[in-house]
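Here is a short report for a reader meeting this structure for the first time.

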Amino acid sequence: MGWWLLFAVFLFVACAALIVAEVFIPSGGILSICALACVVGGVAIFFRFSTLAGWLGVVVAVLMVPMLLIGAYRLLPKTRFGQHVILAGPVRERGDAIPDGPELIKLLGQVGEVLTPLRPVGMCRFDGRRVECVAETGYVQKGATVKVIRVEGTQLTVRVTDEA
């Protein structure tokens, strides 16, 4: 009976290896099915030995499977394979977001260029920074020169100027 217990432990180790392999190798679930078969076989052998050994096998399996999955998924992004498989999030530079009110107030009276048509909202460039603006009146074409005439919260109101 001792060899059967050793075989049950081997099945648990094989289950662990297959679960980790499932994370790294796209098998379509075949490795998971094999891991499930290993753990069920191991638990069955433990129950044939004694009820206490069987329940200990169940507890070990219940704890082992999630811990292995969590560990493998934490390890995956750090491996070379994981870095190729997992997509990285977009990289945004500091200051890429909408400027705060105090920063916008500094733009009051500055002259800039319309990057997208203002209908009446669009993008303008002031000192190399893209800022969303609202035209004072109507439609303003792309490339026009505008001046900031009002700042309310995060909204810039611009007026077309004749400056080039």
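Val59 lies in helix H3. Helices (H or I, at least four residues) and strands (E, at least two) are DSSP runs, numbered from the N terminus. This is a predicted model, in which local features need pLDDT of at least 70 and side-chain atom pairs count only at pLDDT 80 or more, while totals for chains, interfaces and linings use all residues. Residues are numbered from 1 along each chain as its sequence is written, and side-chain values use heavy atoms, with hydrogens and water left out.

Val59 is partly exposed, at a relative accessible area of 44%. Buried means under 20% relative accessible area, exposed over 50%, and partly exposed in between (1.4 Å probe, protein chains only). Val59 and Leu36 are 23 residues apart in sequence and 15 Å apart in space, C-alpha to C-alpha.

How do H2 and H3 cross? The axes of H2 (residues 30–49) and H3 (residues 51–75) come within 5 Å, and the crossing is at roughly 155 degrees. Axes are lines fitted to C-alpha atoms, for helices over the stretch in contact, and angles run from 0 to 180 degrees between N-to-C directions. H2 and H3 are therefore roughly antiparallel. Angles under 35 degrees count as roughly parallel, over 145 as roughly antiparallel, 65 to 115 as roughly perpendicular and the rest as oblique.

Residues of the two helices also meet. Val39, Val43 and Phe47 are among those in H2, and Trp55, Val58 and Ala61 are among those in H3. Contact means heavy atoms within 4.5 Å.

## Aromatic rings

Rings of Phe, Tyr and Trp (its six-membered ring) pair if their centres lie within 6.5 Å; planes under 30 degrees apart count as stacked, over 60 as edge-to-face and the rest as tilted. By this rule there are 4 aromatic pairs. Two of them follow.

| Pair | Centre distance | Plane angle | Type |
|---|---|---|---|
| Phe7 and Phe10 | 6.2 Å | 25 degrees | stacked |
| Phe47 and Trp55 | 5.5 Å | 80 degrees | edge-to-face |

Phe7 and Phe10 are 3 residues apart in helix H1 (residues 2–24), so about one helical turn separates them. Phe7 is partly exposed at 38% relative accessibility. Ring pairs link Trp4, Phe7 and Phe10 into a cluster. In the other pair, Phe47 is partly exposed, with a relative accessible area of 32%. Trp55 counts as exposed at 51%.

## The barrel

In what order do the strands close into a barrel? The 5 strands run E1-E2-E3-E5-E4, with mixed pairing. Neighbouring strands of this sheet are turned by 55 degrees against each other on average, direction ignored. Two strands pair if DSSP finds at least two bridges between them.

E1 and E2 pair in the antiparallel sense over 2 bridges. Glu113 stands opposite Arg125 in E2. A hairpin joins E1 to E2 through 6 residues. Arg119 lies in the loop between strand E1 (111–114) and strand E2 (121–126). Arg119 is exposed, with a relative accessible area of 60%.

E1 also meets strand E4 (residues 145–152). Here 3 bridges join the strands, which run antiparallel. The bridge partner of Gly112 in E4 is Val146.

E2 pairs with strand E3 (residues 129–135) in the antiparallel sense over 6 bridges. Val121 stands opposite Val134 in E3. E2 and E3 form a hairpin with 2 residues between them. Asp127 in that turn has a positive phi of about 55 degrees.
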